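Have the model open as you read.

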Amino acid sequence: MTPLTETRPVRPDLPPLLAGSREGLAEVLTVLTEAVDAASTARRPHGPVPAGSPAEVLAAATEALGAAELPAEGLGSRAALQLLATVLVEHGIDLSHPRAAAHLQPPALAVAVAADALASAGNASLDTYDSGPSAIAVERWLVGALTRLAGLGERADGVLTPGGSLSNLLGLLLARDAAAHRRGIDAREHGVVALPGPVVFCSELAHFSTHRACAALGLGESAVRPLPVDDHRRMRPDALAAALDSLGPDRTPVAVVATAGTTDFGSVDPLARIAEIAAGHGVWMHVDAAYGFGALFSERLAPRLAGLELADSITLDLHKLGWQPAATSVLLVSDPAAFTSLGREVAYLNPADDCEAGYDGLLGRSLQTTRRPDAVKAAATLLAYGRTGMGRMVDACHDLARHAERRILAEPDLELVAPAELTTVVFRYRGADPSAADDLNGALRRRLLESGSALVGRTEAGAAGPGSPKRVCLKFTLLNPTATPDDIDGLVDTVLDAGRSCERLIEEGAA
């Protein structure tokens, strides 16, 4: 990268331009345009990720930034943004590249990025009315649209959070407090020490944030009771019913966590049946739909989430099947009274008489105080594309996953481990020596990363059904709606080439 040697002088005697002013907004547009120009001339990696070892890539990016110390005199806004734009492009990942297929991390829509910059310029907060009334209105609009999409009913409510793990934490906090209340315990005031034997049920494929949330909430990770899945990698309702029936009076069922879109497989637990069992035992049902909620945009895939409307709380991430800049997560609840335990009256934020007069905010719906207006980017996207446009993007990614599945099945050197339920496909490179296949698949992925030619995921999975040993697998997570079947064929070809190269290296090493 060519160093930026020509910089505009900074006038310390002049006040800085503030983004909220008319002049400041004009400056934002100017410096962003110049940063984009710098990014367009930067040496973009040939693939989705820069070539080289992690040490080499990180060292090059660090060198480009210069010494890690606060300069006595600044570069000026233009030069600083041009420098960072060049570093981000030359040493970062390109999620819009058709061979970027590793994680539930989509390329962001341009309208969402533009709206996010607009929201940042205003720097509103959602905690109080006088910190951002228009931003509060946008979040209320977005929550209303999403609760209707989920079918939760007119009383439903929700709040945006910094990510799906935090949405799951908040959902389980509300479930914990509700379970404690049923036993006459105020968990907010007295903690969970008086709550006997808390238990949280989930499938064995539930996201690890369920365990983290239980640890953070004082329930302990030992409170989590993983349940077996069926041949389609969905929680078995019979196992849930038996586990609930077996609880004695010294145990407190806090929640049943169903998953709508497991991270690796996209599988959706039988939500309606789980809701029926949970309701029969008076237990809170939380649905982790961080991945799968976006399927509701698609007429083709929406029926797979039947029963979602029966949940007490739902986690969804629009920075997955919603193409938003991270983080854009939401927790929805069927009854706004669930937020009662989060309520706070603070003299300098929301005194009672101000609230009674309508000068209230959203402080009582979140664990955060200052909270940025992430709803703006999501609202802009939904207004721009509507359900039909969003559904087309979901269907395009699902079509790509099904194409990848067919191509993998047609390749003798590849083994399909899990088919395309949503937009992920799990598979393995077979290799000539089955006993070395785990090491081979791990080496294959690292080879792709170091070459910069492709970005694919890695996980461990067994064949569907009980007792199958877990093996190292590769995974395509396909979230680029502009990619084509030819792009997927190229991605598969790249994997095959890397696998064969790794096999040759292993054979040469053994010789």
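What follows looks at a strand and its neighbours, then at salt bridges.

This is a predicted model, so local features need pLDDT of at least 70 and side-chain atom pairs count only at pLDDT 80 or more, while totals for chains, interfaces and linings use all residues. Residues are numbered from 1 along each chain as its sequence is written, and side-chain values use heavy atoms, with hydrogens and water left out.

Start with strand E6, residues 284–289. Helices (H or I, at least four residues) and strands (E, at least two) are DSSP runs, numbered from the N terminus. In E6, 6 of the 6 residues are buried, so the rest of the structure largely encloses it. Buried means under 20% relative accessible area, exposed over 50%, and partly exposed in between (1.4 Å probe, protein chains only). Trp284, His286 and Asp288 sit on one side, with Met285, Val287 and Ala289 on the other.

Strands count as paired if DSSP finds at least two bridges between them. E6 runs parallel to E5 (residues 252–259), joined by 5 bridges, and Asp288 partners Thr259. With E7 (residues 313–317), E6 pairs in the parallel sense over 4 bridges; Val287 stands opposite Ile314 there.

Now the salt bridges: a side-chain nitrogen of Lys or Arg within 4 Å of a carboxyl oxygen of Asp or Glu. By that rule there are 27.

| Pair | N to O distance |
|---|---|
| Asp230 and Arg234 | 3.2 Å |
| Glu421 and Arg304 | 3.3 Å |
| Arg471 and Glu415 | 3.1 Å |

Arg471 lies in strand E12 and Glu415 in strand E9, so their pair ties together parts 56 residues apart in sequence. Glu415 is buried at 19% relative accessible area, whereas Arg471 is partly exposed at 23%.
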